[in-house]
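Subject: Structure for your files

Hello,

Here is the structure we talked about, sequence included. My notes on the fold follow below it.

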Amino acid sequence: MDSIAITGGARLNGVIPISGAKNSALKLMAASILTDQPLLLTNMPRLADTKFLGRLLGELGVSVEERDGADGTETLFHAREITSTFAPYDLVRQMRASFNVLGPLLARTGHAKVSLPGGCTIGARPVDLHIQALTAFGAAIELAEGYVSATAPTGLRGAEIEFPFVSVGATEHALLTAVLAQGTTVLRRAAMEPEIGDLARCLTAMGAKIDGVDTDVLTIEGVTSLNGADWSVIPDRIEMGSYAVAAAMAGGEVRLSRARPELMTALSEKMVAAGVEVEPTADGVIVRRDPAVRLKAVDVTTEVYPGFATDLQAQFMTLMTTAEGDSVIHENIFENRFMHAPELARLGADISVHAGEAVVRGVPSLRGAPVMATDLRASVSLVIAGMAAEGETTVGRVYHLDRGFERLEEKLSACGADIRRVKGDGHEH
Ligand code: UD1
């Protein structure tokens, strides 16, 4: 199994290009099921998760062609004919977003059988709201032996759905399904994450009729069929935020390019309050920090967008480990998302966790050690910690990292970080 080895202490200076957003790409890929025309996604991130969903789509009959385009990597999806409507446990268990093929399969063919995603290390993460939405559209749903079997022999009908609380996954799934349902759908208390806006705009380019994009009420007028489209995936705000924190932690000056700084306002405000310089540019942001000056502790609470993203909580906690004073971090979205805290403690951080709250007492410095990645965003927080720690840190289980960060070692070493991948056989790359 690969690990990442880091020798801490190097400053970061240079430019890091930001890739397309994983969390958008995965939902846009599911949209390819909705049409028999080709959907070309440009600015596609090359990640374990996108490869994985590509494989599932291939099983369903979608042709998936990766190629180099003018705007970096791109992938052409063409669901000329759906040859299977079955998504087996093995393919859904490894990545939750696979579950979102259920609604599009149902909308396109009238039936589908998709495995429930199962547990996940960052909490229970149920899909009850997804299923309630599909039921509201008139689908007959049966749950048996870990599978959801859904049929809609007479087609899906639009519905008024008020989500009891904000869910990114359920909003996307309902939107992906409603575009082909007959009549009007209104989704209230919809999530407003920028990746949902990206999906809605791509669906509109495919011929869907959607009102209220970027608000918490989406109104969808169903159409009978959709076209193909060419769509550029929105830049990854979580990747951008992660590298912004990395630059702040290591010190130096990094320009994040091909990015959208307005999508990380909640993080920027906290970084500025801690003493980091954050300067928006035409296509990104410059992050600057004098490593001789200690940062100040600030508190954060994770919220739905536009609040502070749960996907940036682990990284920000890392930044606070060496700040001056105590920082209180509230995790509101997932009950079990502090698994990185004991790993950070191995590097010398002082963190206590009680239920959904972590208190980080800043220490003057961290010291390298072997640590284990526990989930995708936690793993990048350990890499960031390793870059600032004295000596050598190795991060194990980096398959988590490969799910969501494209060419991470390459991007960071181009800015001066001493970071390399150690293959399972012990060879460095
Ligand atoms: C969430 C994050 C998203 C992040 C992703 C991966 C929020 C609002 N969402 O999205 O930003 O990128 O994790 O870390 O910050 N829930 C149910 N029933 C459902 C669906 C969800 O109870 O059917 C609960 C979840 O367990 C969770 C909350 O609702 O406590 C929000 O979930 P949701 O937004 O759907 O999660 P993801 O789409 O995974």
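The protein has 14 helices and 24 strands; helices (H or I, at least four residues) and strands (E, at least two) are DSSP runs, numbered from the N terminus. This is a predicted model, in which local features need pLDDT of at least 70 and side-chain atom pairs count only at pLDDT 80 or more, while totals for chains, interfaces and linings use all residues. Residues are numbered from 1 along each chain as its sequence is written, and side-chain values use heavy atoms, with hydrogens and water left out.

Overall shape. The C-alpha trace spans about 65 × 45 × 40 Å along its principal axes. Of the 429 residues, 57% count as buried (under 20% relative accessible area, with a 1.4 Å probe and protein chains only). Among contacts (heavy atoms within 4.5 Å) with a separation of 6 or more, 73% come from residues 24 or more positions apart.

The sheet. An open sheet is formed by 4 strands in the order β22-β23-β1-β24, with mixed pairing; two strands pair if DSSP finds at least two bridges between them. Its edge strands, β22 (370-372) and β24 (418-422), each pair on one side only. From one strand to the next the twist averages 20°. Helix α12 (residues 376-388) packs on this sheet and touches β1 (3-7), β22, β23 and β24; its direction makes about 170° with that of β23. Axes are lines fitted to C-alpha atoms, for helices over the stretch in contact, and angles run from 0 to 180 degrees between N-to-C directions. β22 pairs with β23 (residues 392-396) in the parallel sense over 3 bridges, and Val 371 has Val 395 of β23 as its bridge partner.

The helix pair. α1 (residues 22-31) packs against α2 (residues 48-60) at about 5°, with the axes 10 Å apart. The two helices are therefore roughly parallel to each other (angles under 35 degrees). On the α1 side the contact uses Lys 22, Ala 25, Leu 26 and Met 29, and on the α2 side Asp 49, Thr 50, Leu 53, Gly 54 and Leu 57. As for burial, 9 of the 10 residues of α1 are buried, so α1 is largely enclosed by the rest of the structure; Lys 22 and Lys 27 are among them.

Regards

Technical notes:
Parallel < 35°, antiparallel > 145°, perpendicular 65-115°, else oblique. Buried < 20%, exposed > 50% of the residue type's maximum accessible area, 1.4 Å probe, protein only.
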